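User: Hey, I've just opened this one and I'm new to it. Can you walk me through it?

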Amino acid sequence: MKFSEIVNNIYLNKPVLDKIKKSYLKSDPNKLVLRGFLKDNIYQSLYNKLKKQKIGRIKIPDRFSFKKHDLLREVKDLFENKEFKEFLSAITGKEVKKINLEMREYGWKDYTLLHDSETAGKRIEFFFIFAPNWDDFYGGSKIYEKKGKAYVFSPIGNSFCLINKKKDVLGFLQYINNYAGSQSIILVEGWI
Amino acid sequence: MEIQFVNNKPYKHIIINNFLNDNKAKALLRALKKEKFEEKDSDLFQFRQTQELKYSKNKIVCEFYRFFSSREFLDLIGKITGKKLRKVDMAGTLYIDTDYLLCHDDRLEGRKIAYVYYLSEDFKEKDGGSFVLFDSKNKKVNKAAKKYYPKWNSLLLFEVSKKSWHEVEEVVGNKKRYAIGGWFH
């Protein structure tokens, strides 16, 4: 399936894309959130497929706890194709050659910590969120910190988030508390 | 106690039950509840904490600090832990529903022995707030090895080292996990 058949039409509109680029470049650090990123039926069908995957938790107590998903072919098709790279280039103004991807599921007791050295350093990060019936109170926000100032991305389903993570910006996923119960969020996390 | 402290796994620690006379502990809890608790949060924790209790204006809290930081008490803890101790930091902590402290080792210049004195009433394991000790493998934190729920009027001591990985499990429900904690230097 083509990128243009999957993504909400509004994000393919050139004047809209120009506005998004302007807003991304104006923010410090450069960041954006695009809500309702995928067409509803595509979002729902991807989520249903993901929930069927059998996955195990990986935990390194002083770094992270989450469940790792295998990358679905549909997800790879969406985030590794030429059109998506062009879309990213159009926003960031940078040439996008290679995209690194992984999928993580976070539920009760899951988290990532700031000092995870794997995520330190300069890079452009993006993540797409699957989060049906989620409440901010459960936790799970993705938080980036720069010199004591925090930038919070709430886990809103079908959102695409992008941040230009400079060396002095560190990110973590806020601990998910008992109110989440058996619910979880799934993030397609990528970086270039 | 010295032998217990050294032999306990996964790293040197001890729990001393019924630490204070019960009435004294209750009076201290009443006094602690009057202190101002400030919300603290980061990637690693979410809980509430008082100022350094040595600056408290409450008579009972001050009396407890004076006892805990007295030469005699430092020598007693020094004898149990095999460390020469010269001073103590002290603050009150309060964990309520959804509060937690994730895995870390407490290492910071000068800290020799960490302590938590539990003033948490009627806690059971299901209420969360347990103190979890992790073992190490190849000099790295491995997995949870021992767990203590916050038992009323008990004092936990552990040696701060490269191995002293621990966490406080999330509190689940309406109970309030009051404690006084800090480090002996």
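This is a predicted model: local features need pLDDT of at least 70, side-chain atom pairs count only at pLDDT 80 or more; totals for chains, interfaces and linings use all residues.

User: What box do the C-alpha atoms of chain A fill?

Analyst: Taken along the principal axes, that box is roughly 45 × 40 × 30 Å.

User: And how many helices and strands does chain A have?

Analyst: Chain A has five helices and 11 strands.

User: OK, what share of the residues in chain A is buried?

Analyst: Buried residues account for 31% of the 192 in chain A.

User: What about contacts between residues at least 6 apart in the sequence of chain A, how many of those join residues at least 24 apart?

Analyst: That would be 78% of them.

User: Switching topic: how many residues does each chain bring to the contact between A and B?

Analyst: Chain A gives 10 residues and chain B gives 12. On the chain A side, seven are nonpolar, two are polar and one is charged.

User: Now B:L76. Where is that in chain B?

Analyst: B:L76 sits in helix 4 of chain B, which covers residues 71-81.

User: Why is B:L76 called partly exposed?

Analyst: Because B:L76 has 13 other C-beta atoms within 10 Å, and a residue counts as exposed at 12 or fewer and as buried at 20 or more.

User: Last one: what separates the C-alpha atoms of B:L76 and B:N153?

Analyst: They are 18 Å apart, and along the chain B:L76 and B:N153 are 77 residues apart.

Terms used. Residues are numbered from 1 along each chain as its sequence is written. Chains are lettered from A and ligands numbered from 1 in the order in which they are written. Helices (H or I, at least four residues) and strands (E, at least two) are DSSP runs, numbered from the N terminus. Two residues are in contact if their C-beta atoms, placed from the backbone, lie within 7 Å. Ala, Val, Leu, Ile, Met, Phe, Trp, Tyr, Cys and Pro count as nonpolar, Asp, Glu, Lys and Arg as charged, and the others, Gly among them, as polar.
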